[in-house]
Protein chains: 4
Amino acid sequence: MNQIFSKTEKIRFKHVDFAGIVFYPRFLEMFNDLVEDWFEEALDRPFSKIHETNGIPTVDLKVQFKNAARIGELLTKNLWVKELKNSSMVCGFNFINENEKTVLEGEVTLVNVAIAEDRKTIKAEAFNEEVKENIAKYII
Amino acid sequence: MNQIFSKTEKIRFKHVDFAGIVFYPRFLEMFNDLVEDWFEEALDRPFSKIHETNGIPTVDLKVQFKNAARIGELLTKNLWVKELKNSSMVCGFNFINENEKTVLEGEVTLVNVAIAEDRKTIKAEAFNEEVKENIAKYII
Amino acid sequence: MNQIFSKTEKIRFKHVDFAGIVFYPRFLEMFNDLVEDWFEEALDRPFSKIHETNGIPTVDLKVQFKNAARIGELLTKNLWVKELKNSSMVCGFNFINENEKTVLEGEVTLVNVAIAEDRKTIKAEAFNEEVKENIAKYII
Amino acid sequence: MNQIFSKTEKIRFKHVDFAGIVFYPRFLEMFNDLVEDWFEEALDRPFSKIHETNGIPTVDLKVQFKNAARIGELLTKNLWVKELKNSSMVCGFNFINENEKTVLEGEVTLVNVAIAEDRKTIKAEAFNEEVKENIAKYII
């Protein structure tokens, strides 16, 4: 019943290394873009708005890289919610290529934090109810 | 008796995001640099040599981000071996800041692969004996 | 009569620095993406094909950064040809924001090169006629 | 009589592209690191301090890429001042490889700006006298 949030991304020259396959920190930039799109398009919390007072740092990340990806390939990036807590959530994700092969899959824990006015202190803050309801639509 | 491989790295402007803390894909570039230094300085397998015929792709990565890091901080990056197999190994790692706090810690599985001459096929290949002996010095 | 090649790109979290504005090396990644799209969509020379035997290195770059760009802004990236030679071309480009302000503008010289089989030698090679005709449509 | 500010940097796996040569936006990260080191080590204006209230945006950049650089090469990065104005300066720079060949050379205009408290407005601000004196030592 619940949803998966999906976007596509094409592998570009800047993503690949000397072996012609995606350099894995680039995969994590692509994944961060997916989280960013989800917050903007599905949760109504665009990073352009929240990053003055709040942030969504990644505190735990697990990724299995299963198949290489090369320039020109189009990947489907999928994200869903495994567990929603007061101020954090565990999301599952995978990237699938055009041959239906899993390029990578993993799990990430994101925390909602408030940034103090001095921009030096960061502390966990409960998601507000509206955001929580939006996130809940992606629990699988 | 066995060793930990360590390098230091200073947080730079290019590493940090709008919140003033390291954007986590940059941490993984820093970690990749650590593996690269280890292969060159300790294993006698510089990437400048091996990457024409071989590679060391990351197949599994787990990281816990425990404390934020900011511009100007000097991190000590540590790497050791948890398990050495025929053509792969599991390494532990952490980044420690100047206050002895753990910025991140994790575990990575690296595979030794041969790149076919057409540069399209990649397959696992056993580490040679000399490399294996060098790696074994870092088993903890 | 001739054309400008245009694409849009949204400023993302990964692009901006501590000051909340795009870190300029990221602008050059965005520009490289534009060149890549142009080769694929307009010149019928996708990087996924050409990069085994050829490359398009940048030999000269001039950029003026005129207005900052922030997360969430949508930029229009424009590219055209100022001069087409046998194995190189000079392209003009600019990035325009939603308020019609020029974020940056510049000029780049790209050279068509052949990569030798040992992947170590690179030398300039004339564009073939078909590519030349396609490029010529963008001369302004 | 006056000085050149110099640092070395080794080309790493993360810097190179599919052709095995440095992807040029990476060169600009390396250059930004050079400016950052200069501000910290020679001008006594570490980015870790100034970036809460000030910034040094790049407003004009010209680079000629003359020779490719590959993994494992050690480059010497040089910076000097061509012209010092009230709130901006024009710097010359080059990167030289171990065979004394020029990898790249160029010119950059950096502006000293103050960031308003709302972090949205940026405007040019005169360098203070102490910084100006330090910069002046690098005029060539």
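**Briefing: salt bridges, a surface patch and a sheet**

C:K14 counts as buried, with 11% relative accessibility (buried means under 20% relative accessible area, exposed over 50%, partly exposed in between, with a 1.4 Å probe and protein chains only). This is a predicted model, in which local features need pLDDT of at least 70 and side-chain atom pairs count only at pLDDT 80 or more. Residues are numbered from 1 along each chain as its sequence is written, and chains are lettered from A in the order in which they are written.

**Salt bridges**
- Over all chains, the structure holds 52 salt bridges (a side-chain nitrogen of Lys or Arg within 4 Å of a carboxyl oxygen of Asp or Glu).
- C:K14 forms one of them with A:D33, the closest N and O atoms being 2.7 Å apart.
- This pair crosses between chains, and A:D33 lies in helix α1 (residues 24–41) of chain A.
- A:D33 counts as buried, at 3% relative accessibility.
- D:K10 forms a salt bridge with B:E40, with closest N and O atoms 2.9 Å apart.
- D:K10 lies in strand β1 of chain D and B:E40 in helix α1 of chain B, so this pair also joins two chains.
- D:K10 is partly exposed at 30%, and B:E40 is partly exposed at 31%.
- A network of salt bridges links A:R26, A:E29, B:R26, B:E29, C:R26, C:E29, D:R26 and D:E29.

**Helix α3 of chain A**
- A:E129 is located in helix α3 (residues 129–136) of chain A (helices are DSSP runs of H or I, at least four residues, and strands are runs of E, at least two).
- A:E129 is exposed, with a relative accessible area of 54%.

Methods
Heavy atoms only, no water.
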